Amino acid sequence: MHDALSNTISRRSALRRLSLALGGVATAPLASGLLGGCRTPAAGEAYAYQTLAEPQQRTLAALVDQILPATDTPGAADVGVPQFVDLMLTDWYAPDERDAFLAGLADVDGRAEGGSFAALDGEAQARLVAQMDAETYPPAPPEEPVDGDVAGAAQEGTYNAEEEREREVAGMQGELGEAMDDEAGDQRELQTGEGQAHAGASDDAPPFFRQLKELTVAGYYTSEAGATEELQWLAVPGRYDADVPLSEVGRAWA
Amino acid sequence: MQHDAHGAHGASYIEKIRTVQVQSSGEPYDAIVIGSGISGGWAAKELTEKGLKTLVLERGRNVEHGAGYVTEHRPPWETPFRGRGDRRHAEARQFRQMKAGPFNENTAHWYVDDVDHPYETGADDAPDEFLWVRGYHLGGRSVMWGRQTYRLAPIDFTANEREGRGTRWPITYADIEPWYSYVEPFVGISGEPRGFRQLPDSEFLPAMPMTAVEAHVKDSIARDFDGRAMTIGRAAILTQPLGGRAACHYCGPCDRGCSAGAYFCSLSSTLPAAQATGNLTVRPDSIVHSLIYDEDTDRVRGVRVIDRETKEPLEFYAKVVFLNASALGSAQILMQTTTPRFPDGLGNQSGLLGKGIMDHHFKCGANGEVPGFEDRYTFGSRPNGIYIPRFQNLPWEPSSGRDFVRGYGYQGGSGRAGWSRGAGQPGVGVALKESLQEPGQWSFTMYPFGETLAYDDNRIELTDEVDAWGIPVPRVVGSIRENEYRMREGMKNDGAEMLEAAGATNVQTFDQPYRLGEGIHEMGTARMSATPETGCVDRHNRVHEVPNLYVTDGAFMTSAGCQNPSLTYMAMTARAVDHAVNAVNRGDLRV
């Protein structure tokens, strides 16, 4: 575990106690407001990069911030997505997968005028990212949403948001458990509900930009700020309400 | 911090289980229980409450309730791989366990190391023909079980006889019914009484509610399909406090461990009750080598153990032994106990020991999106889904006949798509961020579990290899057959049909390769039978030829039903202990 991540524990405990004091109904944003001065430390502050060199870090940080920029909540680079990607490249990806990702990153710089994506102005970065997104997600046929390992969602009726979220994250690049499987390609297609666009090509690694977007989305919404400020997250809800107006809940649960 | 959590929802006070590394002693126990999982915990509770000095042997490490739940409530940002798991470690050390559905970054520590705990399986071209999912620690798989809790029905005990298939159950539903009612109030099962003939009601705590989408699908099924009905899942999760256990706080992932004790497991429920009697001794790190059999008396005298840490051989003695080491584990121990009278394993006069492994087959079904509920959402994570009882091949309903025998029930449920859909849809920047602030479409998944038949060549046997403790490495082979494959067509199509009738869109069926064992309901290796020629244990779960040896884990199952089996193991364990204690008190069982 990263040292920086442990810095978040005291705030998390404070949040948990608070939500219980309010009878378990405090939403995370409300609780954040009440806690006032507790600022979220940027996750990954103390992280030492192991795979990405500095220019690659700059390219990646600029890319992830184009995918999920800062608004009234932090952007992807602020919450440590580049560090998460570096950890995945170092300790999770197989060497050939890592090399393919790094080649994809280099390719982005190659497409940038002047040879550095990070050096482009914001508008030019946004144009190039929009272009890569359009290339990766062609308008027709429309792609099914990766809505979280639908097929594998309910071992033993444990169909619930928290476990589905765990499967969702695990399932984005094929569930870990299936990664070694001979039929992993076929299964991944079924498990993630990926649409026809990738059918038949599922044995190949997903295109670089799709991988990048998956890592960015996963890294962002599993970060403390992504989960508790941009969306909502409660360690201990304290009760279950099966049917609530969305307007009363506000944002999606992380 | 965890104590704060309990304070808000009613106190939970669960006694820590004291364990000892007792060495062998001439002083016999009244009873030895091998295994501390869901049935071993019940054996310990019942034996000790009836006054027997009982030793529980657990092959794995000790786990302390509460303090041992190291990932409980861990937020995703403290999870190094953010839920994707430590792939390198899993591929090197848990290459089989990682294929289990509930295995993930937050539960991996509950699953065994596949290098240390090897087994051989089928042909070279199907190296993982059988998936054996194991948890070696105090509490066993009761710590990470799925908690879905259903009774078998009268038709399940008569199916083999009705069809002239396999071995006839020597008991009927009437024999087990009072024992279901006995264990259920202690387990704590939330659910809705419905009076289904094919799925008898349990003694229920208040049911968990359905989402708006589930209520809609339920109404649609009731309206459009004769003989089909949906109810809320029946789960061993408390909806109100029970004993020292607190009600569920709806955090979601039970199988990380629950220090509130809101779901039933040995650590929170049966072992504390057993300890409270003063009659319990628990010894972890005790790998059973074999049973000590006395040829003169035709009885077991005790258990030979290898200490997991020191590898020292030990012996423990008792008047009665309960085998609760899991269906495969118990069969293995019986096979490792060979004597002149039983050269092929203790109590194996029938030659059926280890044969006929069953499971519940699954990993197929249907899902679809359900429009019209975009303004509805949920609060909290309900660790439970829905259930649709079996509606095929019901003897009282001729029109329910199919081109296969037996049947399936559906689990499943509804949910709104989460943030991960963002990676599968076009769009970047502020627009992407804003689109993910709202939950996505409601979808509904129909997730059936089907009965498997007992095929005698689905089996466990011992090889000549031994593991690090000198215990023979087993070979486990098995597969589903034509009946199950036919059934899977119905499992998919009926699910899709019900979703379409409910107005679901984008309805798709799915069918993934299923390995026997993957349901983690493996059972049937020492089947119950009327005679020693047709099975291994009698109607009291007692090994036919060995009157002081009981097998009450999944090994005794003569047929599988399609319902999650743990409740049946619990009820039959309590029933068997009653029989054993009566025998001990009569003086029938002696060393």
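## Domains of chain B

In this predicted model, the domain assignment of chain B, whose bounds come from an automatic or database source, gives domain 1 (27-147 + 264-359 + 458-478 + 519-586) and domain 2 (208-242 + 362-450 + 482-511). The C-alpha centres of domain 1 of chain B and domain 2 of chain B lie 33 Å apart. Where the two meet, five residues of domain 1 of chain B are in contact with twelve residues of domain 2 of chain B, contact being defined as C-beta atoms, placed from the backbone, that lie within 7 Å. The side of domain 1 of chain B that touches domain 2 of chain B has two nonpolar, two polar and one charged residues, where Ala, Val, Leu, Ile, Met, Phe, Trp, Tyr, Cys and Pro count as nonpolar, Asp, Glu, Lys and Arg as charged, and the others, Gly among them, as polar.

Residues are numbered from 1 along each chain as its sequence is written, while chains are lettered from A and ligands numbered from 1 in the order in which they are written. Since the model is predicted, local features need pLDDT of at least 70 and side-chain atom pairs count only at pLDDT 80 or more, whereas totals for chains, interfaces and linings use all residues.

## Overall form of chain B

Chain B contains eleven helices and 19 strands, which are DSSP runs numbered from the N terminus (helices H or I, at least four residues; strands E, at least two). The radius of gyration of chain B is 24 Å, close to the 25 Å that the globule rule gives for 591 residues, so the chain is as compact as a globular protein of that length; the radius is taken over C-alpha atoms, and the rule is 2.2 Å times the number of residues to the power 0.38.

Of the 591 residues in chain B, 62% are buried, a term for residues with 20 or more other C-beta atoms within 10 Å of their own C-beta, placed from the backbone (exposed: 12 or fewer; partly exposed: in between). Among contacts in chain B with a separation of 6 or more, 73% join residues 24 or more positions apart.

## Paired strands in chain B

Strand E14 (residues 408-416) of chain B has nine of its nine residues buried. On one side these are B:Tyr408, B:Tyr410, B:Gly412, B:Ser414 and B:Arg416, and on the other B:Gly409, B:Gln411, B:Gly413 and B:Gly415. E14(B) pairs with strand E15 (residues 442-451) of chain B in the antiparallel sense over nine bridges, pairing being counted when DSSP finds at least two bridges between two strands. The bridge partner of B:Ser414 in E15(B) is B:Phe444.

Strand E16 (residues 459-466) and strand E17 (residues 472-477) of chain B run antiparallel and are joined by five bridges, with B:Ile460 opposite B:Val476 in E17(B). E16(B) and E17(B) form a hairpin with five residues between them, and B:Gly470 in the turn has a positive phi of about 80°.

## A covered helix in chain A

Helix H4 (residues 54-67) of chain A reaches 20 Å from its first C-alpha to its last, close to the 20 Å expected at 1.5 Å a residue; the expected span is 1.5 Å times one less than the number of residues. Ten of the 14 residues of H4(A) are buried, so this helix is largely enclosed by the rest of the structure. The cover over its buried residues includes helix H5 (81-91), helix H6 (95-111), helix H7 (122-136) and H11 of chain A, together with helix H9 (430-435) of chain B.
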